[in-house]
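I opened the model to go through its chains, sheet and core. My entries follow the display.

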There are 2 protein chains.
Amino acid sequence: MISRQDCLALDAQDGLAALRERFDLPDGVIYLDGNSLGARPRAALARAQQLLAQEWGTDLIRSWNKAGWFELPLRLGDKLAPLIGAGAGEVVVTDSTSVNLFKMLAAALHRQAMRSDSTARRTIVTERANFPTDIYMAQGLAEWLDRGYRLRLVDAPEELEAAIGADTAVVMLTHVNYRSGHMHDMKAVTAHAHANGALTVWDLAHSAGAVPVDLRAAEADYAVGCTYKYLNGGPGAPAFAWVAPRHQADFRQPLSGWWGHAEPFTMQPEFRPADGIRRAQCGTQPILSLALVECGLDIFAETDMQSVRRKSLALTDLFIALLEQRCAHHPLTLATPREHARRGSQVSVAHPDGYPVMQALIARGVIGDYREPQIMRFGFTPLYTRFADVWDAVDILADILDGGKYDRGAQRDAVT
Amino acid sequence: MISRQDCLALDAQDGLAALRERFDLPDGVIYLDGNSLGARPRAALARAQQLLAQEWGTDLIRSWNKAGWFELPLRLGDKLAPLIGAGAGEVVVTDSTSVNLFKMLAAALHRQAMRSDSTARRTIVTERANFPTDIYMAQGLAEWLDRGYRLRLVDAPEELEAAIGADTAVVMLTHVNYRSGHMHDMKAVTAHAHANGALTVWDLAHSAGAVPVDLRAAEADYAVGCTYKYLNGGPGAPAFAWVAPRHQADFRQPLSGWWGHAEPFTMQPEFRPADGIRRAQCGTQPILSLALVECGLDIFAETDMQSVRRKSLALTDLFIALLEQRCAHHPLTLATPREHARRGSQVSVAHPDGYPVMQALIARGVIGDYREPQIMRFGFTPLYTRFADVWDAVDILADILDGGKYDRGAQRDAVT
C-alpha cells in the first residue's frame with residue numbers, strides 16, 4: 001500500500017523539485033492539465049512587462065532590430081532544438097501547429113512527387129485517432145492539390161505497419177496520442193516508412209518537453225509541434241517546425257510569405273526562398289506570444305529530458321498504482337499503455353461518466369480535462385507536479401467516485 | 001507661410017487631441033511609423049497583466065471558457081467590423097495577413113472554378129508594387145494548385161482597368177499601397193472586376209484604422225488586413241479576414257484546421273466546416289497577442305473613421321505643405337498622391353539618400369521608415385500625432401538636409 005507519506009518522501013528526494021519554483025501556480029489547485037496548457041513560468045510576467053513597456057512602448061519600430069524580433073523564430077528554434085534531438089538552424093518557432101503541418105506535409109508530398117514511382121504513391125497514412133486538426137489539414141491539402149492523394153486512416157497502432165506500402169507517400173503521425181497517451185516508436189516507424197519509400201511527418205505536440213525525442217537519431221524527415229503544452233509557452237503560443245538537414249535544400253512549401261524570402265527587405269516581386277529552415281516561415285509573427293516561449297524553454301535549460309522522463313514515468317506509474325489501490329472497484333479503464341516505451345506523460349482513464357466526474361474533480365481543484373468519448377485525461381508535468389499532488393488527486397477522485405459526488409446531468413462547456 | 005504657432009493652434013482645436021492620452025509614447029520622439037507598428041495603448045499593460053496573472057496563471061485551462069479565449073477571434077472581428085464597413089459575424093481576427101490572404105485567394109479561385117467559363121479564367125491580377133508577401137502568397141498558391149493559374153503584375157494603377165478582362169479570375173489588390181500611400185477606388189475597381197466576371201480580394205493592411213473603408217458598400221468579395229499598424233494591436237498581432245455574406249455559404253479554403261470545424265470538440269476524423277466566417281479559422285491562436293488587439297480597437301470606439309480621416313488629411317496636407325515650404329530646394333520627390341481620394345494616411349518622399357537621411361531623422365527622434373528604393377515613409381496616425389509634431393519633424397528634416405547632416409555610408413540594419 002502506497003501512503004501519502006511515501007509520496008512526500010519521493011518529493012523530498014526529487015531532483016527536479018526546485019523547478020516548481022520557476023512557475024506561478026494557483027493555491028488550492030492540483031494542475032494535471034499541462035498537456036493542454038502549461039503553467040505560467042514566473043519569468044513570463046517580467047518578460048511581458050519588458051516587451052510591452054520597453055520594446056513596444058518605448059523602442060517601437062526599432063525593436064525589430066534592437067530587440068531582435070525578426071530573428072526570434074530562429075533563435076527560439078535553436079533553443080528548442082536540443083529537446084527534440086535537432087541541431088542548430090533546423091527548427092523555427094512560428095505559426096500554428098495546423099499551419100506548420102500543412103507546410104511540412106506539402107513539402108513531403110513535393111519531395112515524393114520527384115520520385116519515378118510518384119504516380120503510384122498517393123496515400124497519406126495516419127491514424128483515425130490522430131488529433132483531428134492533423135487529419136483535417138491533410139484532407140484540406142489533398143483535396144486542394146486534386147492529384148489523387150487520399151488518406152488511409154489506421155484504426156490501431158498495431159495496424160500501422162501493414163498500412164505502409166508501395167502506395168504510401170507520407171506517414172503522418174502524432175508521436176504521443178493526445179487522447180490515449182500512446183507513444184509510437186519513432187525510430188522503428190520511420191525505418192519502416194523509409195524501407196517502403198515513404199517519408200514521415202511527426203507531430204510532437206504531446207512529446208516536446210514531455211518525453212525524450214531524438215529526431216536526428218530516428219532519421220525522421222519533418223516534424224511540427226506545440227509550445228503551449230509541456231513547453232509552457234503560454235496560451236496558443238506559436239508552434240514549431242523542423243526539417244531534416246538532408247531535406248532542407250529542396251524544401252518547398254506553398255505558404256511562401258515574405259518571412260521565408262531570401263531577402264525580404266529588398267521587396268522584390270518574385271519569391272526566392274531563404275536558405276535552411278528560414279523558408280518554412282510565412283508571415284509576420286505575434287511577437288508577444290512568441291517572445292514568452294523563451295521563458296518556458298529557459299526552464300528546460302536547467303535540466304535534461306532524461307531527468308524529466310524519469311520523473312514523468314515515476315509520476316504516471318504512481319498515478320496508475322494509486323488508481324488500482326483506491327479505485328479498482330469503479331468502472332475505470334486505463335487507456336494509456338502500461339509499457340513505458342509506449343507511454344507519453346499523461347494517463348487517460350475511461351469512465352462512463354467521464355465528463356461529469358472530471359467536472360467534479362475540477363470543482364475540487366484537481367484540474368485535468370475530458371476528451372470524447374469518456375476519457376478523463378491527466379497530464380503529468382515533471383517540472384511542477386509533485387508526487388504528493390498525485391496522491392491528493394487520486395484521493396479526491398476516490399472520494400468523488402465512492403460517494404457518487406458528481407452531477408450526471410452536468411452542462412457541457414463550449415470548450416471541453 | 002505656416003508657422004509652428006499655426007500648428008499649435010490646430011492642435012488646440014483638434015477634436016481627437018484627447019485620444020493621444022490613450023497611448024504611452026516615449027519622450028523625445030515624434031513617431032511617424034504607426035503605419036508599420038502602431039504605438040502602445042496605455043490599456044495594454046493592464047490587460048496583459050490580467051491575462052498573464054489571472055487568466056493564464058490562475059485560471060489556466062479554464063480560461064478557454066471563463067475568459068472566452070476560444071471566441072476571441074470572432075468577438076474581436078465584430079469589434080473591428082465597423083471600421084471596415086463590415087457586419088457582425090463577417091470578420092475574424094486570426095493568423096497572419098499572409099496566411100489569411102492564401103485562404104481568401106484560394107476561396108476566390110474555388111468559387112470561380114464553379115463558373116462555366118472557368119477554364120479561360122486563370123489570371124490573378126495584381127500590382128507589381130503590391131506588398132511582396134501578397135504576390136508571394138499568390139505565386140505559392142498558383143504554383144501548388146498547378147492548374148494554369150498565372151499572375152498578371154500591373155505596373156501602374158492607371159493600367160489596372162485594361163488588365164482586367166475575360167481571363168481574370170481574381171483581382172487581388174492592397175487598397176492603400178505600403179510604399180507610395182496611393183489608394184485605390186475600391187468601389188470602382190470592384191465594379192469593374194465584377195463587370196468582367198472577376199472577384200476581388202482586398203488587402204486592408206494600410207487601410208484599417210487609417211482611412212474609411214466600406215466593404216459592403218463597395219460590394220467587395222474578400223478582404224484581409226493587419227491589426228498592428230493603424231489599429232495599434234501590438235507587434236505582429238494576428239491579422240483579420242472578411243468574407244462577403246453572399247460568399248459565406250460556399251466559402252472553402254485549404255487550411256481546414258480544427259478551429260474552422262463545425263464541432264471542433266467532438267473530435268471527428270472528417271472535416272466539416274463551421275458556418276459563417278468561423279470556417280476561415282485554422283489552428284489555435286496566440287491568445288496574448290490576440291487579446292491585446294482589443295485595447296487598440298477600444299480607442300477607435302471613442303471616435304469614428306470620418307473624424308480620423310479628416311485629421312489624417314489635415315496632417316498629410318500639412319506635411320506636404322511644410323516640405324514645400326522648407327525643403328523645396330532639395331531633391332525630394334513626392335511619391336504619394338496629392339489628390340485626397342487617392343491618398344492613404346502616409347506621405348512617402350523619394351530622396352537619393354533616402355536611407356541615410358531616414359537614419360539621421362531617427363537618430364534625432366523623428367521615427368519614420370525606409371522602403372527600397374529611395375523612399376522615406378512618414379505615417380500619420382490621427383489618434384496620437386499632433387500638428388506640432390508635423391512641424392517639428394519637417395524642421396528637423398530641413399536641418400538635416402540643409403546641413404548635409406547624414407552619413408551617406410550609413411550601415412543598413414537587417415530589418416529596414
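**Interface**

I looked up the chain contacts first: 92 residues of chain B are in contact with 91 residues of chain A, contact meaning heavy atoms within 4.5 Å. This is a predicted model, where local features need pLDDT of at least 70 and side-chain atom pairs count only at pLDDT 80 or more, while totals for chains, interfaces and linings use all residues. Residues are numbered from 1 along each chain as its sequence is written, chains are lettered from A and ligands numbered from 1 in the order in which they are written, and side-chain values use heavy atoms, with hydrogens and water left out.

I then took the buried area, the accessible area (1.4 Å probe) that two parts lose on being put together, summed over both. Between chain B and chain A it is about 7,600 Å², with 69% on carbon and sulfur atoms. Of the area that chain B buries against chain A, 13% comes from Trp56(B), Tyr136(B) and Trp144(B), more than from any other three residues.

**Core**

I searched for nonpolar cores, sets of buried Ala, Val, Leu, Ile, Met, Phe, Trp, Tyr and Cys residues joined through side-chain atoms within 4.5 Å; buried means under 20% relative accessible area (1.4 Å probe, protein chains only). The largest has 164 residues, and Ile84(A) and Ile84(B) have the most contacts inside it. A second, separate core of 66 residues includes Val92(A), Ala108(A), Phe102(B) and Ala142(B). Beyond its neighbours within four places in sequence, Ile84(A) has contacts that include Val91(A), Leu204(A) and Phe240(A).

**Arg20(B)**

Arg20(B) sits in the loop between helix H1 (4-13) and strand S1 (23-24) of chain B, helices (H or I, at least four residues) and strands (E, at least two) being DSSP runs numbered from the N terminus. Leaving aside neighbours within four places in sequence, I found Arg20(B) in contact with Leu25(B), Leu383(B), Tyr384(B), Arg386(B) and Asp389(B). The C-alpha atoms of Arg20(B) and Arg42(B) are separated by 9.9 Å, the two residues being 22 apart along the chain.

Definitions and conventions:
Buried < 20%, exposed > 50% of the residue type's maximum accessible area, 1.4 Å probe, protein only.
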